Amino acid sequence: GSFQVRVAAVTDSIVEGNETYTLGAGIGAQAAVTGTGTIVDTTAALTVASVSAASGNEGTNLTHTVSLSGTSTSATTVNLSLTNGSATIGTDTGTVQVSTDGGTTWNNATLGAGNSFSVNVPANTGSFQVRVAATTDTIVEGNETYTLGAGVGAQAAVTGTGTIVDT
């Protein structure tokens, strides 16, 4: 004869890929006969949910928080870019740094073509910070802005504005 075993799968919001389990059955001293079940992960892939605005005086750092739509059991690559507004990237801004641990550790980002860079967000992390240094100059120019855009894969960039306050 035969019988069926039902295993309830729990719905969660974690991107974790498909998961497998093994069920074994035997009678007495008989070696267990096993079968494998697969739980299909139906959680949508992570996306960037928001990029915060930031404001600071010349000579300070502007810190943006980039929030993801959830967490994943594996690392997620987020693609970012800085875009000129009235501020010129590389002239009105200096070093760009990233923290994936709540601001305890900062690592320099290397800007590529189009002032783009990427961040490898560790597993089980739902947000990270981007810190943009605002350079000090002697020009009276009013406040200046730039845009920080972020996305995962082919996602359209989610943006936040940085405002450098003229001092």
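Student: In E12, which residue is the bridge partner of Leu 62?

Tutor: This is a predicted model, in which local features need pLDDT of at least 70, side-chain atom pairs count only at pLDDT 80 or more, and totals for chains, interfaces and linings use all residues. Residues are numbered from 1 along each chain as its sequence is written, and side-chain values use heavy atoms, with hydrogens and water left out. Strands (E, at least two residues) and helices (H or I, at least four) are DSSP runs numbered from the N terminus, and two strands pair if DSSP finds at least two bridges between them. In E12, Leu 62 is bridged to Val 132.

Student: How many bridges join strand E6 to strand E12?

Tutor: Strand E6 covers residues 61-68 and strand E12 covers residues 127-134. The two run antiparallel, and Thr 65 stands opposite Gln 129 in E12. The number of bridges joining E6 to E12 is seven.

Student: What is the order of the open sheet with antiparallel pairing?

Tutor: Strands of a sheet pair through backbone hydrogen bonds, either parallel or antiparallel. This open sheet has five strands, in the order E4-E6-E12-E9-E10. Strand E4 (48-51) and strand E10 (107-108) are the edge strands, each pairing on one side only. The order asked for is E4-E6-E12-E9-E10.

Student: How many of the eight residues of E12 are buried?

Tutor: Buried means under 20% relative accessible area, exposed means over 50%, and partly exposed lies in between (1.4 Å probe, protein chains only). By that rule E12 is mostly covered. The count of buried residues in E12 is seven.

Student: Which residue in E12 is the bridge partner of Val 98?

Tutor: Val 98 lies in strand E9, residues 93-99. E9 and E12 pair in the antiparallel sense over five bridges. The bridge partner of Val 98 in E12 is Val 130.

Student: Is Val 98 buried or exposed?

Tutor: Contact means heavy atoms within 4.5 Å. Not counting residues up to four places away in sequence, Val 98 touches several residues, among them Trp 106, Phe 117 and Phe 128. Its relative accessible area is 10%, so Val 98 is buried.

Student: What is the separation between the C-alpha atoms of Val 98 and Val 132?

Tutor: Val 98 and Val 132 are 34 residues apart along the chain. Their C-alpha atoms are separated by 9.0 Å.

Student: At what distance does a polar atom of the side chain of Ser 99 lie from the backbone oxygen of Thr 105?

Tutor: Ser 99 is also found in strand E9, and Ser 99 counts as buried because its relative accessibility is 0%. A polar contact is a pair of N or O atoms within 3.5 Å; within protein, one must be able to donate a hydrogen and the other to accept it, and residues adjacent in sequence count only if both atoms are side-chain atoms. From the side chain of Ser 99 to the backbone oxygen of Thr 105, the distance is 2.9 Å.

Student: Over the ring of which residue does the charged end of Arg 131 sit?

Tutor: A charge sits over a ring if NZ of Lys or CZ of Arg is within 6 Å of the ring centre and within 35 degrees of the ring normal. The charged end of Arg 131 lies 4.0 Å from the centre of such a ring. That ring belongs to Trp 106.

Student: Which strands are the edge strands of the open sheet with mixed pairing?

Tutor: This open sheet has five strands in the order E5-E14-E13-E8-E11. E5 pairs with strand E14 (residues 158-165) in the parallel sense over four bridges, and Ala 54 stands opposite Gly 162 in E14. Each edge strand pairs on one side only, and these strands are E5 (54-57) and E11 (116-121).

Student: What is the phi of Asn 124, about how many degrees?

Tutor: Most residues other than glycine have a negative phi, and most peptide bonds are trans. Asn 124 is found in the loop between E11 and E12, and Asn 124 is exposed because its relative accessible area is 56%. Although Asn 124 is not a glycine, its phi is positive, at about 60 degrees.
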